[in-house]
Amino acid sequence: MRWSQSLVPTLKEDPADAEAVSHRLTVRAGYVRQLAAGIYVYLPLGQRVMHKVIAIIREEMDGIGGQEITMPVILPAELWQQSGRWDTIGGEMFRLKDRNQRDLCLGMTHEEVIAWLAAHEIRSYRDLPQIWYQIQTKERDEARPKSGVLRTREFIMKDSYSLDRDPAGLEERYILHRDAYCRIFERCGVRYHVVESDPGMMGGAGSHEFMAPSDAGEDQVALCEKCGYAANIELARSRAVQPDFPAWSLEDVPTPGARTIAEVSAFLTISPALTIKSLVVMADAGPVLALVRGDYQLHEKKLQRAIGPFRPAHVEEVLAATGVEPGFVGPVGVSVRIVADETLRTGCYVVGANKPDTHLRGVVPGQHFQAEFADLREAAAGDACSTCGAPLRVERVIEIGNIFKLGTKYSLPLRAVYLAENGEERPVVMGSYGIGPARILAAAIEQGHDADGIVWPKTIAPFQVHLLIVNVREEALAAIADQLYRELTAAGVEVLYDDRDERPGVKFKDADLLGMPLRLTVGARARKEGLVEIRTRKTGAVVTVTPVEVVGRIQELLAGL
RNA sequence: CGGGGCGUAGCUUAGCCUGGUAGAGCGCUACGUUCGGGACGUAGAGGUCGUCAGUUCGAAUCUGACCGCCCCGACCA
């Protein structure tokens, strides 16, 4: 591709509204433009990256027997009413009416359509198993689009769905997908972890997420280096390291003005691990007191699993439930439901005394108050792995793929059933599997960049070679560069040919910014000594070769990347 | 949805507090010089200062409403 005839609008300065590295670089290097919050145009270079990622995904999906189809973006409400998700999914679903006032929505995922299709077309156990997939635009009215192409309201997704006779079949299809996903992310050159995850609104019996380590990520995972345990922090299990508990006897201690755990532990000069954090929340059935050890964070999803939907209590509600303002609330002597984190089964703690400016020291759970116990705390770095005991690491990540065992959650309401060998009618057992190509693009940049710009993995770079002619007006140079462009292209190497009439500095800066794996420079040395330079973007290593050697050396260098 | 910030030329922005007809750098056009790490000169084009209403003799500037964008949180594939 000749740059002089292409749309590659690079910017000298960072766009004012971009913060994440991948956001800044995709905009500056001319890969994308933002049309509205969470809505993007892919320019030619961005489009080429997406094509490459998608081609890899398609190969691997076809490789496990996937059959590509395309489902509609506009969907009738009835399907979603049948599965129940018309009501359970909130503002995230774009909804509209047609000219006859019929309810429609824009597709955010396609389990319902797949179940509908299966209900119509699958009749016998002989028709199973099946893997159907599509690579198509999804629409989700995200509450908060952010970080460029990482979280958008419209995005391409590869979603696939497996149909099986029974859970054993689902397990097979699930493993096939897991392994295919590993190959996809490896081929795309992104680092990732496979972690246990929360099925969330998808429902079902189990799920994993594919997580690319990056500071720009929205999720966190807990990892055990020793035994390989890996889980989203939303459900990660771990064992707290127990402090040495002093032999306190039960007594009130004055703590004037000390409300937060930090203030109380500093005032009493004790470790936060010797305190209990008491939080009042309002559940459907009324107030609940949730307890975690002072040095831990309450994980709201875990609490929700334990008590159902809730919200933080207002000050008046805290007063009504405990008789004291937030800051001095504790579990002793209150009459509300108490749910405590597992960590608190043993020990001796300082808690709020439910009296102003007072805490209670020497509280022993089970003796001074009764509680239900559940896993409520967020796993933290340094916790012991619940499987092997080694210390856990916590890492920030970008979710680039996920796999769900759905079971019969959608096949039952949508009547996707088949006739078994023995004549029995049975529900199809489903799985669903997603990958976000744009997140692979962004994760690759987050993981591969330096101060000068992007450093693409060769497999998803828009071009392998950035051919740079230092001065297009020198005919001798132009002749050499044109010739190299033709030869490389003929040899099947993808070349971005910077044939613009720009000064060398501009071209070098842009080459670094765009991030192609190899840069081929035709400049003064070509004129004087008949030599051209090949520079590896990642390492900066330069080799000097004669023009006739170029194609061979380029292929060699690419093979080595 | 709650909190914070910001909307001035294609991009990055000054001016706003203290009202008096809008400025810079980059980019763009033309010509000349220059040509291996974001050159220089000369001459140009380009702005309903987000929108609407109000205050005022006069509003980019003050007030209100609305719209849009970013960040934190909530929510969530």
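Mentor: Begin with contact: two residues are in contact if their C-beta atoms, placed from the backbone, lie within 7 Å. Leaving out residues up to four places away in sequence, Ile469 touches Leu477, Ala478, Ala481, Asp498, Asp499 and Val522. This is a predicted model, in which local features need pLDDT of at least 70, side-chain atom pairs count only at pLDDT 80 or more, and totals for chains, interfaces and linings use all residues. Residues are numbered from 1 along each chain as its sequence is written, while chains are lettered from A and ligands numbered from 1 in the order in which they are written.

Trainee: Why does Ile469 count as buried?

Mentor: A residue is buried if 20 or more other C-beta atoms lie within 10 Å of its own, exposed if 12 or fewer, and partly exposed in between; the C-beta atoms are placed from the backbone. Ile469 counts as buried because it has 27 C-beta neighbours inside 10 Å. In chain A, buried residues make up 43% of the 561 residues.

Trainee: How many helices and strands are there in chain A?

Mentor: Helices (H or I, at least four residues) and strands (E, at least two) are DSSP runs, numbered from the N terminus. Chain A has 14 helices and 33 strands. Ile469 is found in strand S29. The C-alpha trace of chain A spans about 90 × 70 × 50 Å along its principal axes.

Trainee: How are strands put together into a sheet?

Mentor: Two strands pair if DSSP finds at least two bridges between them. One open sheet has 5 strands in the order S30-S29-S31-S32-S33, with mixed pairing. Its edge strands are S30 and S33 (542–545), each of which pairs on one side only. For angles, axes are lines fitted to C-alpha atoms, for helices over the stretch in contact, and angles run from 0 to 180 degrees between N-to-C directions. The twist averages 20° from one strand to the next. S31 and S32 (residues 532–536) run antiparallel and are joined by 4 bridges; Leu518 has Thr536 in S32 as its bridge partner.

Trainee: Which strands does helix H11 touch?

Mentor: Helix H11 (residues 475–490) packs on the sheet and touches S29, S30 and S31, its direction making about 165° with that of S29. Helix H14 (residues 550–560) also packs on the sheet, touching S29, S31, S32 and S33, and its direction makes about 10° with that of S32.

Trainee: What covers the buried residues of H12?

Mentor: In H12 (residues 504–514), the buried residues are Lys507, Asp510, Ala511, Asp512 and Leu514. Their cover includes strands S28 (453–454), S29 (465–469), S30 (495–498) and S31 (518–522). Gly515 follows H12 and has a positive phi, near 85°.

Trainee: How should I read a hairpin?

Mentor: Look at the two strands, then at the turn. S19 (residues 349–352) and S20 pair in the antiparallel sense over 4 bridges, with Val351 opposite Leu360 in S20. The hairpin that S19 and S20 form has 5 residues between them, and Asn354 in the turn has a positive phi of about 60°. S20 (residues 358–363) is also joined by 4 bridges to S14 (residues 251–254), and these two run antiparallel.

Trainee: And how do I describe two helices that pack together?

Mentor: Two packed helices are described by the angle between their axes and the distance between the axes. H2 (residues 44–63) and H10 (residues 437–447) pack at an angle of about 115°, with axes 9 Å apart. Val49, Met50, Val53, Ile54 and Ile57 in H2 meet Pro437, Ala438, Ile440 and Leu441 in H10. The residues of this contact divide into 9 nonpolar, no polar and no charged (Ala, Val, Leu, Ile, Met, Phe, Trp, Tyr, Cys and Pro count as nonpolar, Asp, Glu, Lys and Arg as charged, and the others, Gly among them, as polar).

Trainee: Which residues touch the most other members of the largest nonpolar core?

Mentor: In soluble globular proteins, nonpolar side chains tend to be buried together. A nonpolar core is a set of buried Ala, Val, Leu, Ile, Met, Phe, Trp, Tyr and Cys residues joined through C-beta atoms within 7 Å. The largest has 115 residues, of which Ile400, Leu441, Val465 and Leu467 touch the most other members. Apart from it lies another core of 30 residues, including Ala258, Val264, Tyr296 and Val350.
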